Amino acid sequence: MARASTRRPPSNCPVCSSRLALTRLSCPSCETELSGAFAQCEFCVLSDEERDVLRVFLASRGNMKELERHLGVSYPTARARFDGLLTKLGIERGPVPPGADRVQLMEQVARGEIDIDEALRRLETREG
């Protein structure tokens, strides 16, 4: 389900990179303007792709296998993307299931992103 891309305001200041504050709203119909300190939408920090991932996850009622199919990636990769989305939203994740790191490393080797020696080094670092 593709949605038309809309322009979004920047979230960070182009000068100092601090988070911008929402201080003005306007009505395009009657030209009324409101100014003040307004709360921002917590999902506004997400990119269009991340919003799509969240939309598919919610539409499938939290079915990670459905998310995996939608993204066209393996289950651990879909899970990692979803975990990244949670982190970006400031939602704490539960403990990582045992063996999840190993599966991700094996997938990286299979995709040619890292070689076997690098995967073994990473495993030794995590376990040792």
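Modeller: Start with the elements: helices (H or I, at least four residues) and strands (E, at least two) are DSSP runs, numbered from the N terminus. On that basis L86 belongs to helix 3 (residues 75-88). This is a predicted model, where local features need pLDDT of at least 70, side-chain atom pairs count only at pLDDT 80 or more, and totals for chains, interfaces and linings use all residues. Residues are numbered from 1 along each chain as its sequence is written, and side-chain values use heavy atoms, with hydrogens and water left out.

Biologist: What is the order of the elements from the N terminus on?

Modeller: They run β-β-α-α-α-α-α. The protein has five helices and two strands.

Biologist: What is the mean pLDDT of the protein?

Modeller: pLDDT is the predictor's confidence in each residue, from 0 to 100. The mean for the protein is 80, and 88% of the residues reach 70 or more. Helix 4 (residues 100-110) has the lowest mean among the elements, 75. Strand 2 (residues 33-38) has the highest, 89. Where pLDDT is low, the predicted coordinates should not be read in detail.

Biologist: Why is L86 called buried?

Modeller: Buried means under 20% relative accessible area, exposed over 50%, and partly exposed in between (1.4 Å probe, protein chains only). L86 has 15%, so L86 is buried. Its C-alpha lies 9.6 Å from that of L54, a residue 32 places away in sequence.

Biologist: Is E68 buried or exposed, and why?

Modeller: E68 is in helix 2. Its relative accessible area is 17%, so E68 counts as buried. Contact means heavy atoms within 4.5 Å. Leaving aside residues up to four places away in sequence, E68 touches V73, S74, Y75 and A78.

Biologist: What makes A80 partly exposed?

Modeller: A80 is at 34% relative accessibility, therefore partly exposed. This residue lies in helix 3.

Biologist: Why are S17 and R61 called exposed?

Modeller: S17 has a relative accessible area of 54%, so S17 is exposed. R61 has 77%, so R61 is exposed too. S17 sits in the segment before strand 1. R61 sits in the loop between helix 1 (48-59) and helix 2 (64-71). Neither is a glycine, yet phi is positive: about 70 degrees for S17 and about 60 degrees for R61.

Biologist: How much of the protein is buried?

Modeller: Buried residues make up 20% of its 128 residues.

Biologist: How do you know where empty space is left?

Modeller: Rolling a probe the size of a water molecule over the atoms shows it. On a 1 Å grid over the protein atoms alone, a cavity is a set of points where a 1.4 Å probe fits but cannot get out. A pocket is an open set with protein on both sides within 12 Å along at least five of seven lines. Lining residues have an atom within 4 Å of a point. Grid points are joined across faces, edges and corners, and a volume is the space filled by probe spheres set on the points. The largest pocket holds about 420 Å³ of space. Of its 16 lining residues, P9, P10, L22, Q40 and C44 are closest to the centre.

Biologist: Which element gives the largest share of that lining?

Modeller: Strand 1 (residues 22-26), with four residues.
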